[in-house]
Amino acid sequence: MSWPTARLGDVSHFIRGINFKPDDVVPLGEAGSIACFRTKNVQFDLDLTDVWAVPVEFVKKQDKVVKEGDLILSTANSWNLVGKTAWVPKLDWEATFGGFVSLLRANERAIHPRYLYHWITTDIAQANLRKCARRTTNISNLNLPQALDLKIPLPPLEEQKRIAGILDQADALRRLRSRALDKLNTLGQAIFHEMFGDVAKNSMGWVENEHLENVADIASGITKGRKTGDTPLRSVPYMAVSNVQDQRLKMDVVKEIEATEAEIDRYMLKDGDLLLTEGGDPDKLGRGCLWSAEIPECIHQNHVFRVRITDERIIPIFLQWLVGSPRGKRYFLSVAKQTTGIASINKTQLKMLPILLPPLERQKKFEMRISALASSSQSQIAAVSKENALFAALQHRAFRGEL
């Protein structure tokens with residue numbers, strides 16, 4: 001079935017966020033304040049666990065107060081996250097939104113909000129939104145007028161509601177699976193806290209007179225676009241920032257790079273290496289995971305640090321969780337260089353990360369418990385991946401008029 005199309009700007013409009021400085025942030029719930037969403041809150045669902053607040057006088061117009069059915073888009077972020085969208089549910093309190101996000105508000109006489117949400121979260125729409133982004137050195141900005149020119153299939157309102165209802169039901173099923181996976185991840189954090197206490201305060205009094213450079217070798221990776229002269233090159237897979245997630249590798253897209261044999265030898269990853277990203281959103285500093293020889297021959301790019309343990313007093317899995325703990329994140333935030341919406345650390349700062357050294361036996365017991373948990377997580381991850389693929393296929397059929 002072929003439906004007419006409309007410009008996104010004919011059925012909805014963008015509203016830009018408010019501008020404020022970090023010093024303007026006040027405690028959530030303070031008298032005379034209003035909650036304020038930012039890029040961190042734009043996740044799979046709208047994340048309500050860490051919401052800032054600002055004085056209410058920053059909201060000059062009523063249209064900058066969010067309402068149920070609005071879509072919040074990340075409009076100033078790293079390129080791969082520009083256009084990321086969250087649905088605004090019914091809230092028990094008033095909220096506005098900051099300058100790095102924008103609202104997309106539907107004209108409900110022309111388009112059903114849930115239909116618009118499901119369309120804009122398709123892979124195709126997200127890719128087209130990123131094409132509307134202007135890149136700078138550290139951040140990309142969504143060109144809103146250009147985005148409003150995107151074409152959206154527009155069947156009659158009743159058909160839109162029917163399609164949205166089908167997609168809502170399918171979406172609810174895959175979200176149940178994702179929530180189960182989230183609970184497993186939370187269980188890992190609980191095990192770590194149970195066995196090692198509040199590591200930010202070192203509440204159990206573990207040895208803490210060492211820095212990361214004392215127990216591990218730290219190296220940056222290969223730089224794209226470098227000069228190699230006439231030296232023969234061959235193609236080899238490499239881990240980029242997008243592959244290194246918090247506590248896991250994202251291996252759906254693994255790129256390759258031309259490198260010399262000397263470079264391949266120098267940057268080759270080994271089983272047990274810890275991979276850490278050097279920057280990104282401030283809340284993601286210290287994001288990392290272990291390399292377990294997922295690919296026989298693989299190197300890493302220069303924006304990914306490789307940490308290789310050289311001291312028998314510490315094991316890789318404990319180091320991974322320690323670095324990703326509040327202790328690691330607090331340290332990284334204290335030393336990071338921060339620009340507009342982006343934070344980064346350098347090799348020298350990473351070397352000076354203060355670590356803890358609990359007894360090796362306790363670390364190994366933690367490894368056993370996490371390994372058992374990881375087995376359950378892997379099956380859940382596979383199921384989530386399959387259901388996401390099925391849902392994406394259903395979305396594509398829906399907007400081709402095949403449901």
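In what order do the 4 strands of the open sheet lie? The order is 14-23-19-21, and the pairing is antiparallel.

This is a predicted model, so local features need pLDDT of at least 70, side-chain atom pairs count only at pLDDT 80 or more, and totals for chains, interfaces and linings use all residues. Residues are numbered from 1 along each chain as its sequence is written, and side-chain values use heavy atoms, with hydrogens and water left out.

View 1. Strands here are DSSP runs of E with at least two residues, and helices are runs of H or I with at least four; both are numbered from the N terminus. Two strands pair if DSSP finds at least two bridges between them. Strand 14 (216-219) and strand 21 (288-290) are the edge strands. Each of them pairs on one side only. Neighbouring strands are turned by 20 degrees against each other on average, direction ignored. Here, axes are lines fitted to C-alpha atoms, for helices over the stretch in contact; angles run from 0 to 180 degrees between N-to-C directions. Strand 14 meets strand 23 (residues 304-309) over 4 antiparallel bridges. Ala-216 has Ile-309 of strand 23 as its bridge partner.

**View 2. Helix 8 across the sheet.** Helix 8 (residues 316-323) lies across strand 19 (274-277), strand 21 and strand 23. It runs at about 170 degrees to strand 21.

**View 3. The largest nonpolar core.** A nonpolar core is a set of buried Ala, Val, Leu, Ile, Met, Phe, Trp, Tyr and Cys residues joined through side-chain atoms within 4.5 Å. Buried means under 20% relative accessible area, exposed over 50%, and partly exposed in between (1.4 Å probe, protein chains only). This core has 38 residues. Leu-212, Val-307 and Phe-366 touch the most other members. Helix 8 gives the most to it, with 6 residues. Contact means heavy atoms within 4.5 Å. Beyond its neighbours within four places in sequence, Val-307 contacts residues including Leu-212, Ala-216, Leu-276 and Leu-319.

**View 4. Trp-79 in its loop.** Trp-79 sits between strand 6 (76-77) and strand 7 (85-87). Is Trp-79 buried or partly exposed? Trp-79 counts as partly exposed because its relative accessibility is 34%. Leaving aside neighbours within four places in sequence, Trp-79 contacts Arg-130, Ala-133, Arg-135 and Ser-140.

**View 5. Helix 5 from end to end.** Helix 5 (residues 157-196) has 40 residues. The expected span is 1.5 Å times one less than the number of residues, so helix 5 should span 58 Å. Its end C-alpha atoms are 56 Å apart, which agrees. Gly-197 follows, with a positive phi near 75 degrees.
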